[in-house]
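Please look over the sequence and the model shown here. A short report on the fold and its packing follows.

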Amino acid sequence: MLPTEFDITDRAVLITGAGRGIGKGIARVFAAAGADVAINALTDRYVVPLAAELAADTGRAVVPAVADVT
């Protein structure tokens with residue numbers, strides 16, 4: 001069991017580069033752990049479908065954020 005300092009239930013997190021690969025996996029873990037998630041990528045090609053999928057799978061708020069964060 002994790003210490004309460006690491007509990008992310010009902011917290012909001014922003015994950016950049018979340019369209020594919022490691023970022024996508026991190027988004028899944030945060031949403032499954034009870035966080036609301038904003039997922040970012042440079043284009044909407046992957047983040048929009050991923051947001052819908054994660055929201056349906058976890059019941060959490062998942063917002064796609066298309067932007068260049070460099």
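## Sheet, helices and core

Strand 1 and strand 2 are paired in the parallel sense, over 4 bridges. The model is a predicted one. Within this pair, Val13 stands opposite Val37 of strand 2.

The sheet is open and has 3 strands, in the order 1-2-3, with parallel pairing. Strand 1 and strand 3 (62-66) are at the edges, each with a single partner strand, so one side of each has no neighbour in the sheet. From one strand to the next, the twist averages 20°.

Two helices lie across these strands. Helix 1 covers strand 1 and strand 2, and runs at about 175° to strand 1. Helix 2 lies across strand 2 and strand 3, running at about 175° to strand 3.

**Helix 1**

Helix 1 spans residues 21-32, 12 residues in total. From its first C-alpha to its last it reaches 17 Å, close to the 16 Å expected at 1.5 Å a residue.

Which residues of helix 1 are buried? They are Gly23, Ala27 and Ala31. Seen down the axis of helix 1, the buried residues fall within an arc of 70°, so they line one face. The general rule is simple: an α-helix has 3.6 residues a turn, so residues three or four places apart point the same way.

What does the buried side of helix 1 pack against? Its partners are strand 1 (12-15), strand 2 (36-41) and helix 2 (44-58). The face turned away from the buried side carries exposed residues: Gly21, Ile22, Val29 and Ala32. Just after helix 1, Gly34 takes a positive phi of about 105°.

Val37 lies in strand 2, and Gly23 lies in helix 1. Val37 has a relative accessible area of 3%, so it is buried. Gly23 also counts as buried, because its relative accessibility is 9%, and the cut-off is under 20%.

Both take part in a pair that is separated in sequence. The table gives the C-alpha to C-alpha distances.

| Pair | Separation in sequence | Distance in space |
|---|---|---|
| Val37 and Ile15 | 22 residues | 7.4 Å |
| Gly23 and Ile39 | 16 residues | 8.5 Å |

Neighbours within four places in sequence are left aside here. Val37 is in contact with Val13, Ile15, Ala27, Phe30, Ala31, Ala61, Val62 and Val63. Among these are Ala27 and Ala31, two of the buried residues of helix 1. Gly23 touches Ile15, Gly17 and Ala18.

**The nonpolar core**

How many residues make up the largest nonpolar core? It has 15. Those with the most contacts inside it are Val13, Ile15, Ala27, Val37, Ile39, Leu54 and Val62. Strand 1, helix 1, strand 2 and helix 2 each supply at least two residues of this core. Helix 2 gives the most, with 4 residues.

Leu54 is one of the core residues with the most contacts.

Helix 1 lies across strand 1 and strand 2, and helix 2 lies across strand 2 and strand 3.

Terms used: Residues numbered from 1 in each chain as written. Predicted model: local features only at pLDDT ≥ 70, side-chain atom pairs only at ≥ 80, totals over all residues. Heavy atoms only, no water. Expected span 1.5 Å × (residues − 1). Buried < 20%, exposed > 50% of the residue type's maximum accessible area, 1.4 Å probe, protein only. Arc of directions from axis to C-beta. Contact = heavy atoms within 4.5 Å. Pairing = 2+ DSSP bridges. Axes fitted to C-alpha atoms, helices over the stretch in contact; angles between N-to-C directions. Core = buried A, V, L, I, M, F, W, Y, C linked by side-chain atoms within 4.5 Å.
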